[in-house]
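Dear colleague,

Please find below the structure that I am handing over to you.

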Amino acid sequence: MKIITFNQKKTSTIGLEFDELIPDEIFQWEEKDFQKYEIPIGNSRFPLKDYFDVDVVGSAESPSDVKIILNGDLTRIKYIGTKMSTGEIVANSSVDLHCGSEMSGGEITVNGNAESYAGREMTGGILTIKGNTREFCGASYIGDWRGMSGGTIMIHGSAGKQLGECLTGGEIYVKGNCDILAGIHMTKGFIQIDGDVTRWPGGQMQGGNIIINGKLSRLLEGFVDPEIITNPEIEGKQITGKYIKYVGDIARNGKGNLYLDADKNRNFL
Amino acid sequence: MEYILKNGIVYDPTNKIDGEKKDVLFKDGKIVDSVSNDAKVIDVTDKLVMAAGVDPHSHIAGPKLVVGRLYRPEDSRRGIVPKKGVTRAETGFSVPSCPATGYRYSRMGYGTVVEAAMPPLEAKHTHEEINAIPNIDVAPLPLFGNNWFILEYAKENKIDDLAAFISYWLRLVKGYGIKLVNPCGGEAWGWGMNVHGLDDPAPYFDVTSREVITALSKANEKLGLPHSIHLHPNDLGHPGNSRTTIESMKLIKDIAKNSAVRDQTVHMTHIQYHSYGGTNWRDFVSNAPDVADFINKNDYVTCDVGQITLDETTTMTADGPMEFDLHQLNGLKWANKDIELETASGIVPFIYSGRNSVHSVQWAIGLEMFLLINNPWQVFLTTDSPNAGPFIRYPRVISWLMSNKRRTEMIENREVHKAVEKKSALATIDREYDFNEIATISRSAPARAYGFTDRGHLGIGAKADIAVYNIKPNEIDPSLEYEAIEKHFGLAAYTIKDGEVLVKDGEVVKVVPSHTIWTNVKGLESQENAVIDSIMPAFNKYYTIKFENYKVHDNYIPNPIEVKVKAGQAAK
C-alpha cells in the first residue's frame, strides 16, 4: 500500500483542478515527481509544491494499492477523484465542484461538504459525503441524457436540487433532506432519501425506484395508482415500513416507482 | 517554392497510374513536370502517395451544425484536444468545432469537402462557418428540392424559367450545384406531413417528387453545371425504400448529359439509407443487391454510401419528417426548424450499436454497396458525416473495404448482430479493395463527379493537393494488417495543400484559410432578370427578410474559387 498525503500550504481563490492526481495516474510517482508537477489553475499551470507538501509512504504495484489523503482547506479544490477507476481518496475537508465525477471504481470519502456536481455520470465505485452536497449530485452533465449509471453515492447530510437527474443505474442514499426534482428523467437506478423532500421527485421518470422516508411537500400529477404496501422488497433490498407506492411519471409513459412513507405523507391519499 | 516528393508509390487513377514508384514535382501550388535544382526534396521512399482526398458529401458548416453543437454539449465534451503549436483547441466528436473540422480532414490527407446542404436563406451563415474552417476547400450545395418557386416551375414544367432561377440563385448564395432533399417531403413537413414515393403530391402545390426531380435535372443539364443534380431521394430510412430509389434513378435515364467534366447525370447520396427491403423494422432486409445491380447497368448514376460506423453520432438533415420519425424511434432529444419558403430541417442524436439488429444490417448494407458496385468510379467514400458516423472514421471504413478478414471477424465475433448473416449478403462477399480503388472512391471519382478538373489527381497543372501515408503498399498486406491501414490513413505523413505542407507526421504544422468553390453561370442575365421580376411580389409577401438582405455579398467569401459556366454549353 502506498499512502500519498497532500498537506495544504496555501489556498487559491481560483479553483485547483485535481483530476490528474488520481491513483490511476500517480501510483508510481515519488515525491520528486510531485515537486516537478504543475497543477491546472484556470487557464494556466502552477507548481503544485506552492500549494501542497506531498508525503509518499510505501509502494504500489498497481493503482489499487494507492490511498490519497488530502488535508487542509479543500473548498477550492475541484475534480477530486474525477475519472478514477480504483484506489482510495480521503478528503479531510469540504471540497469543491465535480468530486468523483465520471469515476468508474475505487472509493472517495469526503469528511465535509461537497459542492455541486459530485458523482456526476459516475459508472462505478463508492462516493461517501459525510456532510451535505449541493446541486446535480449523480446527475448527467448538461445536454446528456445519461447520468450516473453505476456505483454508490452515500450522503450523510442533505442534497440539493436535481439529485440523480437522468439516473440510469447505481444507488444514491441521502440521510438528510433533499431539494426539488430528485430523480428527474431517471430511467433506472435507486434513490433513497431519509429526510424531507421539497417538491416533485421523479419528474418525467421512466423507470427505477425512489424511496422517501420523510415528508414530501408536493407530488407531481403524473404519479398514479397509489397503493399501500408494507415492507417492500425493492431491487433485492428489503425495506422496512409502510409506504404509499405510486407509478409514474405518466407524462412520459413512465413505469418508475415512487415510495412515500405512509405515515408522514397521508395527506396525499 | 519548388518541391520533389521523391520515390513514393503513386496511385493516381485519373491518370492511370497504379502503384508506380515515381517522383511528384510541384511548384507554386501546382503539379509540374520539371523543377530547378533548387527544389526541396521530400523523401517519401516507398510510401503511399495519392492526391489529397475529396469528400463528396459531408455536413461541416451551416446553421444545423451550430444547433447541433448548442444542443449537444455532451458531444462537445468528446474529442477535446488542447491547443498545440499552430492549432487552436479542438472540441467535439460528431459535430466538431470549425477549426477541429479543418484540422481533422487535413490530418487524414483531405483537401476538399462538399458541404452537402446549404439552406439558401442561411447561406450567409454557412459561408461564415466555412471561413472559420481552415485547410480545406469547401463547395456548398444549396437546397432546392422544396423551394416554393421551384415547386411552381416544376408543376408548370417551365424549365427555361427554372434554369434561370437556379442560375441566379447559385450566384446569389454562392453555391456550387443543385441539392434535393426529400423533394416535396420537406414542404409537406410544413403541414405536419410527409410524402411517400415519387407520386405523392406536396400539399397546396399539388406537385410530385417525380416532377421536381425531372425538372431540376433538365434545368441542371440545360445550364451545363459542373455537377449533376445531387439527390437525397424520398423515403430515407424506411423499410422497402429501394423501390423509390430505383424509380428515382430511372427518372433521369433519358435526360441527356450536358457536361464534359463529369460522367453522371444524377448523383444519389447516402445510398445506404435508400437500399432497404421489407415492409417494417421486423422484416427489414438489405436490398443492396438490387440497387447495386441497377447502378452497375446504368453508368449515368454515381452514388456515395453514407457508411454506418457504429458510433454515437448526431443526425442532421433537411429531411425534417425523417428526423421526427427518428426522434419517435429512439426517444432522444430533437431539434426542428422550418426554413421559410425553402426547406425543413431536424437534428436527433443517434447511437448506432453493433448489438442492434437493424443498425448492424444498415452497416452491412453500406459495405454491400461498396462491394457490389463493380465500377469504383460510381461509388464514393462517405459516412454522410455526421449522420451515419463522423468523417474521422473514413480510415476505419477503408480498413473494412480492404480486409475481408476483418469483416468476417466482426460478423463471427458478434461485433455486429447475427442478423447481418440472415438479412444481408455481406458474409458471402469476399471482394477486397486495393489501393487504386481506395484512391478512386476517395479522391479521383468524387472530383470527377463534381467536375473538379484541378484536383483529385496528380496530372500536370493540377493543384498540388497531395497526401502521403506511412504505408508501404508493396510490403503491407491490408487484408491482414487492417489496424495499420486504419491508423495510417487517419494520420497522414504529409498533407500538402496548394503546394504547402500543412500536416507532417500526423501533426498540423500550418494553418491556411479555406477557399469557397462556387459556380457562376453566365449568359442568362436577361432571363434571370425577368424571373426575378416575376417572383419578387411573392418574395416580398412571404419571406421575412428583404431581398436586398438575402444576397451573400462578396465579403462573405474572401477566398473564392469561381467556376465559370457558359449557360447551355457543356462545362469543360
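**Chain A as a whole**

In chain A, 48% of the 269 residues are buried, a residue being buried if 20 or more other C-beta atoms lie within 10 Å of its own, exposed if 12 or fewer, and partly exposed in between, with C-beta atoms placed from the backbone. Please keep in mind that this is a predicted model, in which local features need pLDDT of at least 70 and side-chain atom pairs count only at pLDDT 80 or more, while totals for chains, interfaces and linings use all residues. Residues are numbered from 1 along each chain as its sequence is written, and chains are lettered from A and ligands numbered from 1 in the order in which they are written.

Chain A has two helices and 21 strands, where helices (H or I, at least four residues) and strands (E, at least two) are DSSP runs numbered from the N terminus. Its radius of gyration is 20 Å, close to the 18 Å that the globule rule gives for 269 residues, so chain A is as compact as a globular protein of that length; the radius is taken over C-alpha atoms, and the rule is 2.2 Å times the number of residues to the power 0.38. Along the principal axes, the C-alpha atoms of chain A fill a box of roughly 65 × 35 × 30 Å.

A:Ser104 lies in the loop between strand 8 (88-91) and strand 9 (107-110) of chain A, and it counts as partly exposed because it has 17 C-beta neighbours inside 10 Å. Leaving aside residues up to four places away in sequence, A:Ser104 touches A:Ser85, A:Thr123, A:Gly124 and A:Gly125, contact meaning that two C-beta atoms, placed from the backbone, lie within 7 Å.

Six residues of chain B are in contact with five residues of chain A. The side of chain B that touches chain A has three nonpolar, no polar and three charged residues, with Ala, Val, Leu, Ile, Met, Phe, Trp, Tyr, Cys and Pro counted as nonpolar, Asp, Glu, Lys and Arg as charged, and the others, Gly among them, as polar.

**Helices of chain B**

Helix 3 (residues 98-107) of chain B is mostly covered, nine of its 10 residues being buried, and these buried residues pack against elements including strand 7 (110-118) and helix 4 (123-132) of chain B. Helix 3 of chain B is followed by B:Gly109, whose phi is positive, near 85 degrees.

In helix 11 (residues 320-330) of chain B, the buried residues include B:Met322, B:Leu326 and B:His327. Just after helix 11 of chain B, B:Gly331 takes a positive phi of about 70 degrees.

In helix 9 of chain B, B:Ser242, B:Thr245, B:Ile246 and B:Met249 meet B:Asp290, B:Val291 and B:Phe294 in helix 10 of chain B.

With best regards
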